[in-house]
Structure formats: C-alpha cells, structure tokens
Amino acid sequence: MIVPVKKARIFVLEERKDELVRALQKASLLMIVPNSSLSVDVTSDTALLQRINKAINDLSHYGKKKSLFKHHEVTYENFMLEDERQLRLLEDVETKIENLNSLLSHIKKTEESFQRYAPFREIDINVSDLKKSSFSRYHVGHVQEDSLDNLKAFFAEKEIPYQTFSSPIYGTALFFASFYEEDEQLLGEVNKRSFSEVDLPDVNLTMSDYVSNLENDLSARKKQVGDLEIGLKDLAKSKSLLELMYDRIQAKIDRKTVAFAKTEKSFYLDGWVRADQVDELSKTVKAVTTDFDIELSDPTDGDLPPTAIKNNKFVTQFETITNMYSVPHHKELDPNPAVAIWYWIIFGIMMGDIGYGLAMLTIFGLAIWLIKPKGTLKQLVSVFFYSGITSIVAGILFGSFFGAPFDLGALIGSLFAQQWTTIILNPVNDPLIMLGFSLVFGVLHIINGLGFKFALLIRRKDYVGAIADALSWILILVGLVLFAAQLVIWTSASLLSYIGLGFAGVGALLLLFLAGRKSKNIFGKVLGGLGALYKSTSYVSDILSYSRILALSLSSAVIASTMNLLAGMIQGSVIGFILSLLVYLVGHVFNFVMSMLSAYVHDGRLQYIEFFGKFYEGGGYLFEPFSIRLKQISEISDLREERR
Amino acid sequence: MTYGLVLSIIGAALAAGLAGIGSAVGVSIAGRSATGVLAEKPNLFGSVLVLQALPGTQGIYGFLMAVLILQKVGLLGGQAVPLDDWQGWAFLGAAIPIALVGLLSGIAQGKVAATSILMTGKRPEMATRGITMTALVETYAILALLVSILMYAAVAV
C-alpha cells in the first residue's frame, strides 16, 4: 500500500537547530529536501572519515579472518558517545602502521645491500683503505659464469692480482687491484668481459664487519616488525571501536549537511513526512523545543513527492523485485501485494522439487539468522527463503524429491493403510497438461494486471477508459478461458461455452466502439477500434510467454533425474559408490544454482513485461527518511528498525 | 535393419552439440566484457557473474533434450528400444528447434549480455534491467525447447 506523504516545513530558533537535527535523525521520520542556498564545510570530517576507513582496512590484515557472521549492535547512547578511546585507537593504529611501513622499506633496502655485499665479506681490509690508496685502485664486482674463464686468462696474462668468491645471486664475485695509471684502460677491458662493478659502501670498517652489521641490523629490525605486528593484532581486537566511530562521524556529517533556510527571525527546514507519522513528527520536535511551528500541506501537482510504501512483513520482502524494475509512482496503486504472491508461487513451480525447496529454506534461513543482512540484500534473501516453501509445495504436487519420484500422500497413506496420493501432475510425463496449466496461470496473472489498470483508471475518474481499456480485455480473456475450459473438460459445447463466447463478444464490441473514442472523425474511430482488436496478437504472445513456467520446471526436474541416473550408473563397486556420491553432490548443486538463477530471472521477466506491461507506470523514488546510515556496525539496538 | 536408433542419436547429438556451442560462444562473449569490467570494479563480481551465466541456459536446454531422447530410446539405463526409420526421423526433427535456436540465440544473447555487463560497469544500479533485457533473448530458446518437447512427446515408441 502506498501511504500518502505531506510536505512539512519546520520552523525553529537558531540555538535549537542542532538539537532538532539530532532528534530528527534519531526518529527517522522526515525526508529532508536538500536546500542548496547554504553550503557547509565538512572537509575536516570527511578527511577523518577517510583516515578511519584506512585504519579499518589496515587492521583487517591483522585481525582474525573477517567473519561473515559478524553482528555488531550498540545502544543509541553508546553510538553517539564521543569516546576518547576511539580517537586514541585511531592515532595509535596510524602511528604503528606508519612505523611499520618505514621499517619495512628500510628492511628491503638493507636486504638488497646485504645481498650485494655478502660475497665480499672475506676481503679482510678496511673499506676506507681500499678507497683512498694512492698508487693502486681496487675494484669489486660480479662476473657472469660464462665469461669467467676468459677474464681469468686475461688477468693471468696481465699479471693482475685478483680473488674470486662465490655469489649465489649475481654469478661470481670478483676482487682485483690495478695501478692507478693503467686503471682506466684496464677497467675498460675488464668491463668488455661482462664485469659489473659494485660501488663500495662509505664506511670505515672491514667488509666482513660491515656485512655482519647489516645482518644484525636486519634481524633487529625484523624483530621490531614482529613486535609491531603483535601490537597491531592486539589493536585489531578493538577494531569495532573504529567501526563505531566511522558510522558516528558519517552520521555527524549527515547532520552537518542538513541546511536550514533562514527567515528574519528563525530557521526552517523543508521535508516530506508520511501522513500517518505526522503526530510522531510533531511530538519529536516538541520534545526538543517549545518554540517551533510545523506547517503541513498536501503535495501540489507541481511537486514530485517520494513514494512511501507500507506493507506487511511478507510483502515487504518482495518490494525489492518491484523496485529493481522501477519504484512505484506516488499516485498509482501499490503492485507489491500482487507481485509478492505471483512471484512467490511462480518461483515455486519453476523449482518444483521438495529437496531443492528444503535446501532453499535451510540455506537462506541460515543466512538470515546468522549473517543478518540489511537492505535490499535482506529482502532478496527473504524472497528466496519464502520461495522455498512454494518449491516444497510444488515438489509435493509434482512428486519430486531431488529428482527422484516421491509421493508424500502415499507415504502418509501407508500409515493408515490407504491408497492416497498427493501427486496431481508430473510435468515430465504430462507436458501438455502442464503447458495448459501454465497458460491458464498466465491468463489469470494478466487479468490481475488488467484489474489493476481498471482500478487505477476508476480512481482517476476515467470511467470510459476503465471500461474500454481494461474491462473489455478482462471480459475477452475470461470469456475465452470459460470457452476453452468447457471444451477441454466436457469436450462439447454447452451453456458455459455460450456464456464464455458472450463475454468475449461483449468485450470485443466494447473495444471496437470505445478504443477510438479520442479521435475526432469517423475514420479515426473505426481505425482505433480495429487497431485495438489487433492488439490481441500481443496478448497471445504474452500468454504464450508463460510456457516458460513449464519449460523451466521441466528443465530442473529432468536435469535432476539425469544426475540421479548418472550417479546410479556408476554405483557398481565401493569406489563407484563414493564417486556416485560426488556426482549426486556436484550435479545437484549445479542444477540447484542454475534453476534458481533461471527462476529468479524468468519469474522477474513475467512480472516486468507481462504483468507490469498492463498497468504499471513506475518512475517514483523511495521515501527514505533522514536517519543514521549504518555502514560498519549492524544495528542500533534501541532504535526502531529501519525499513530499508 | 533400420536406421531409427542412429537417427535419434544424431538428433540428440545435434541438440546437445549445437546448443552447447551456442552457449559456449555466448558465455565467452559475455566473459570478455566481464573480465574488463571486473579489472576496474572487482566488487561488481556478483551481478556481472549472473549476467555472464545467462547465455549458458541454451546449452542446458540442448542437454535436456538430448537426455530426454536418449532416455526414451532406451540408451540411458535400459534396453535399446527397436525404432523404425519413421520414429528415428521424428526424433531427429524434434531435436532441430532447440539445436538451431539454441546455437544462434546463445550467441545473440551473449552479445546482449556483454553490453549489459558494460552498462553495469558504468551504472551498477542498472544491473537488473540489463538482466531482464538479456533474458528477453532467451524467450525464443524457451519457445524452441517447448516445441522440441511437444514434438518429442508426440512420438510414440
């Protein structure tokens, strides 16, 4: 049901502004219309928000694996509390992460130098002596294995002293000396033999001391990293404080960005309020201040008010199906109760298996219970949960349990020694009957859609339109169904078939005479009438579209029994038996998932195109009152549960 | 000696084979767009996956038809039923609609799925509409499956 909304303008004095916004946010009653005249600077808050977000992300590497079953609930008082510990924790995390990052980059550099210099640790000379010697030059570097022999021969020929060391990463490490007059030329020759020089470090130590210093430094830093990580793991335990802070700051930003407009003496706020919550709103404002005024007015034609939808707990879940197509316009009838029932039943028929229905109840029931999803996800999961029930019912009527024949009635009957059965139709054995059933189901669905159109046009006082565009088609469809039912059931014409033909005839005449009513001249009227009758082809295709109910229930049933057949064929030995369990499992999981996907998509299509096509306008937007948006924590326990 | 059994096996092979090719090509066309979108927006994996899976149903329909035929002629878990040529041709004919429509609609649906995936990449809130538009293509595969099943059911063995 669509609840009417009213425009509300709340006047308050400046000093009560913040308190009012706080109360409104808590009450979640008013959808505030943004006011662009005043801009508020929230850059420092958004910066803080980003810092918190980064800290939460950083901490998530150190805490336990993120659990799906996390449910974090606080009271409103604790939520609003500006807890010192939150900011301290944030700063603590930031410092630790910063230290950690600089340590890690230092370690990386040190490791690189360690690998470069470690091969030369056997050179037992002070590095500064190697550098400043006045008659000779010393070189250290690496040579590739294949040029080593060439180079050794070259050194032997020139009588150059050298020393080689093994170096696991860079080939062979080499140390040689030369006279400083010959150095440049010699180095050129050596470089040609694929020598790459390593710059010596700027230290007053022997290489071995230098390398072991590097080693000590590395192990000390790594220990520091370990300590920091332990510290972070410790902090990660109180990550929920940061999550709380994130949502609190977000709520604060939301409050700050509520812009009041200004009169001479007071400030005011425009918004939408549900007509049935007006009293609650004034109570909320009254609790803040006595100096206030609320002006209420109905939306005028120029306004585009939000659509506030209120349904029972069952129908509410199916609103997500409608909203995915389009949110209802505020002036039309709420299609959700009808969508809920049709979607629910059609989904069940398309699955059509007791086992799959039980699986849906279990999986999605557990998901609702353990994960406690929010918003549209919660709605979708609930839709699948509820559809598990219709799947079981359809499975009982089709006699299918994970694709195997199963007659619940016979089972119960055997207890009382009776020949009972609950199988009324097996789509695999009687596809034609099932096809007829699907099409009749479609006709009923379409008639329901036309009924919506009829009611809508009546409500808009377009009585001729209601008769011409809706009632006429209802009469034609009902008449044809009666006629067809007569033929199928009694196989010969009788009174009922004449009544059916009469209905259809009256409907066709109504169409013929009224559809062209808006044209001025007689040709237009005639053409309009004929054109409307020609539209019956689109009704034929709409009704045939419901054959997908048969096709999908057949596909899920036949593939399920195929999996059983395949598993049965390999059950000869012990190994075969184990393999067959695997086939059962994989096969049924595959079929379950694909059937659910098909049912979800094609059930939706039947609502969107065949059903909504008859009457639905959509194009509205949802009534979303100003409230605390929760992203990180799950729920504020003492606030009324938000509907979305 | 009749060719009935051979013809019905060819029918089953065409149904599973051609419709399977259609789905494989369709899913791969959609998959190429999906990987591109996911590279930019990994969090859209759920809706993109659904869209990519949509052209996969034709293959299932073809498989379904093949299994139905094989079961009826007794090649799956039973004794092969003696078929005359007429019955063989009938089974082959019954397999044709889902085989041909499955092949072509699978590819066509893959293209719509690919563009819907790109649309989802730009506007994630439009994913469901993309799914609906992609599902429209499948209508004709469903109708073909239906005709195949009705023809198949009409053949007496």
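This is a predicted model: local features need pLDDT of at least 70, side-chain atom pairs count only at pLDDT 80 or more; totals for chains, interfaces and linings use all residues.
Residues are numbered from 1 along each chain as its sequence is written, while chains are lettered from A and ligands numbered from 1 in the order in which they are written. Local features need pLDDT of at least 70 and side-chain atom pairs count only at pLDDT 80 or more, whereas totals for chains, interfaces and linings use all residues.

Helices (H or I, at least four residues) and strands (E, at least two) are DSSP runs, numbered from the N terminus.

The largest nonpolar core has 124 residues. Such a core is a set of buried Ala, Val, Leu, Ile, Met, Phe, Trp, Tyr and Cys residues joined through C-beta atoms within 7 Å; a residue is buried if 20 or more other C-beta atoms lie within 10 Å of its own, exposed if 12 or fewer, and partly exposed in between. The residues with the most contacts inside this core are B:Ala15, B:Met65, B:Ile69, B:Ala95, B:Ile98 and B:Leu145. Helix α4 (residues 85–122) of chain B gives the largest share of the core, 15 residues. B:Met65 touches B:Ala15, B:Ala95, B:Ile98, B:Leu145 and B:Ser148, residues up to four places away in sequence not being counted. Another core, of 24 residues, lies apart from it and includes A:Val21, A:Ile32, A:Leu269 and A:Trp272.

Chain A contains 22 helices and 15 strands. Of the 644 residues of chain A, 34% count as buried.

Four strands of chain A form an open, antiparallel sheet in the order β6-β7-β5-β8, two strands being paired if DSSP finds at least two bridges between them. The edge strands, each pairing on one side only, are β6 (162–167) and β8 (195–197). From one strand to the next the twist averages 30 degrees. Helix α6 (residues 145–158) of chain A packs on the sheet and touches β5, β6, β7 (171–179) and β8, its direction making about 20 degrees with that of β7(A). Axes are lines fitted to C-alpha atoms, for helices over the stretch in contact, and angles run from 0 to 180 degrees between N-to-C directions. Three bridges join β5 (residues 136–143) to β8(A), and A:Val143 stands opposite A:Phe195 in β8(A).

Helix α7 (residues 183–192) of chain A lies across β5, β7 and β8, running at about 160 degrees to β7(A). One of the ten residues of α7(A) is buried, so this helix lies largely in the open. A:Ser194, which follows α7(A), has a positive phi near 55 degrees.

Elsewhere in chain A, six bridges join β2 (residues 5–12) to the antiparallel strand β11, with A:Lys7 opposite A:Ser297. Strand β11 (residues 292–297) is hardly covered, the count of buried residues among its six being zero.

How values were computed:
Two residues are in contact if their C-beta atoms, placed from the backbone, lie within 7 Å.
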